[in-house]
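Colleague: I would like to go through this model step by step. Could we take the ligands and then the backbone?

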Amino acid sequence: MSKVKIVVAGPRGNMGKEAVKMVTNTEEFTLIAAVDSKHDGLKLSELDGFHGIDVPIYTDMQQCFEENEIDVLIDLTAPAFGKKHMQIAFENGVRPVVGTTGFTEEDITELRTTAEDKGIGAIIAPNFAIGAILMMKFSQMAAKYLPDVEIIERHHDRKLDAPSGTAVKTAQLISEAREQKAQGHPDETEELAGARGADFEGMRIHSVRLPGLVAHQEVIFGGVGQTLTIRHDSIDRASFMPGVKLAVDAVLQIDTLVYGLEHIIE
Ligand SMILES: NC(=O)C1=CN([C@@H]2O[C@H](COP(=O)(O)OP(=O)(O)OC[C@H]3O[C@@H](n4cnc5c(N)ncnc54)[C@H](OP(=O)(O)O)[C@@H]3O)[C@@H](O)[C@H]2O)C=CC1
Ligand SMILES: O=C(O)C1=N[C@H](C(=O)O)C[C@H](O)C1
């Protein structure tokens, strides 16, 4: 069987480094090239930490796809580029697996239409960690019985987007299971703007950014005389890689856009 030909975008990043490692250590995958914000024309092996990985670096994704035959793009870049990179992949018949966050619901609808028009599979996964998928699923189950809920997500202080993609996805899944609901006291005020966090259909999302953190989330449900907390911690970015591998395998089998790994892990 021929190997799956892969490009990693964002190879020097926290996630990109892990993805390069995962791809090069996976027998049925082959890394063909990397797309970076700099280092055009160099080999990955010329950068620190990529010893022996002799693949070309492109800063122009279009050029990368024109010069190489690629099956799958793994995109782990920055919120400003995820959508654009998916569009370039679709134009070139390449299947995107995207961990990059920051997509709006409108972006996802538009990208799904393009994927279906072209018959190309695509996966956007706000979180690739199996434990985080379970946290989201359990939260959706709990919301049916305990509809008062707030989300606290905690991340490293290099993160660009807030709230996290995982927190937004969690809120979307919870809102499928409960009626829209304004929480807290109807007359509550914020003495400091933002004190009550972001408002997602009445559900509050609080974002903490600190050095020392990786990726953590608590979903706290409140009921009469009780609370339930569902918590997930990624303490190492290796936690995301089995999910990335699963998504690469899955994206070859589909011809639409799937948003969320919970649709792949039934
Ligand atoms: N789905 C999931 O499970 C996870 C998703 N994420 C998401 O993945 C993304 C990356 O996270 P993380 O690795 O921590 O971020 P980093 O900032 O560590 O890495 C991002 C890398 O992408 C590069 N980059 C930026 N723009 C481009 C571009 N246009 N083309 C090519 N490369 C580019 C950056 O280069 P430079 O520094 O030069 O700009 C950097 O090397 C974020 O959106 C984050 O939210 C993170 C963890 C898990
Ligand atoms: O930026 C990160 O680090 C992470 N981003 C994703 C998100 O926004 O949910 C996934 C994970 O939480 C780590």
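Predicted model: local features only at pLDDT ≥ 70, side-chain atom pairs only at ≥ 80, totals over all residues.

Colleague: Which residues come nearest to ligand 1?

Modeller: There are 24 residues around ligand 1. By class they divide into 9 nonpolar, 10 polar and 5 charged. Those that come nearest are Met15, Ser37, Thr101, Ala125 and Phe128.

Colleague: How much of ligand 1 does the protein bury?

Modeller: Begin with the polar contacts, which need N or O atoms within 3.5 Å. An oxygen atom of ligand 1 is 2.9 Å from a backbone N or O atom of asparagine 14. Nitrogen atoms of ligand 1 also take part: one lies 2.8 Å from a polar backbone atom of alanine 125, and a distance of 3.1 Å separates a nitrogen atom from a backbone N or O atom of proline 126. Taken alone, ligand 1 exposes 920 Å², and the share of this that the protein buries is 79%.

Colleague: Where does ligand 2 sit?

Modeller: The residues around ligand 2 include Thr101, Pro126, Asn127, Ser164 and Phe240. This shell has 3 nonpolar, 7 polar and 1 charged residues. As for the site, ligand 2 sits in the largest pocket.

Colleague: How much of ligand 2 does the protein bury?

Modeller: Histidine 155 has a side-chain N or O atom 2.6 Å away from one, while for histidine 156 the distance is 2.8 Å. For a polar side-chain atom of lysine 159, the distance is 2.7 Å. Ligand 2 exposes 320 Å² when taken alone, and the protein buries 85% of that.

Colleague: Which peptide bond is cis, with omega near -5°?

Modeller: Most peptide bonds are trans. The place to look is the loop between strand 7 (148-155) and helix 6 (165-177), where proline 163 is found. The cis bond runs from alanine 162 to proline 163.

Colleague: Is histidine 39 buried, partly exposed or exposed?

Modeller: Histidine 39 is in the loop between strand 2 (29-35) and strand 3 (57-58). Its phi is positive, about 75°, although histidine 39 is not a glycine. Buried means under 20% relative accessible area and exposed means over 50%. Because its relative accessibility is 29%, histidine 39 counts as partly exposed.

Colleague: What is the phi of glutamate 201?

Modeller: Most residues other than glycine have a negative phi. Glutamate 201 is in the loop between strand 8 (198-200) and strand 9 (203-209). With a relative accessibility of 36%, glutamate 201 counts as partly exposed. Although glutamate 201 is not a glycine, its phi is positive, at about 50°.

Colleague: How far apart in space are proline 211 and glutamine 87?

Modeller: Proline 211 is in the loop between strand 9 and strand 10 (215-223). Its relative accessibility is 61%, so proline 211 counts as exposed. In sequence, proline 211 and glutamine 87 are 124 residues apart. In space, C-alpha to C-alpha, proline 211 and glutamine 87 are apart by 34 Å.

Terms used:
Residues numbered from 1 in each chain as written. Chains lettered and ligands numbered in written order. Heavy atoms only, no water. Near = heavy atom within 4 Å. Polar contact = N/O pair within 3.5 Å; in protein donor to acceptor, adjacent residues only side chain to side chain. Areas by Shrake-Rupley, 256 points an atom, 1.4 Å probe, with all protein chains shown as cover. 1 Å grid on protein atoms, 1.4 Å probe; cavity = no way out; pocket = protein on both sides within 12 Å on 5 of 7 lines; lining within 4 Å. Sits in = over half its atoms within 2 Å of the grid points. Nonpolar A, V, L, I, M, F, W, Y, C, P; charged D, E, K, R; others polar. Helix = DSSP H or I, 4+ residues; strand = E, 2+ residues; numbered from the N terminus. Buried < 20%, exposed > 50% of the residue type's maximum accessible area, 1.4 Å probe, protein only.
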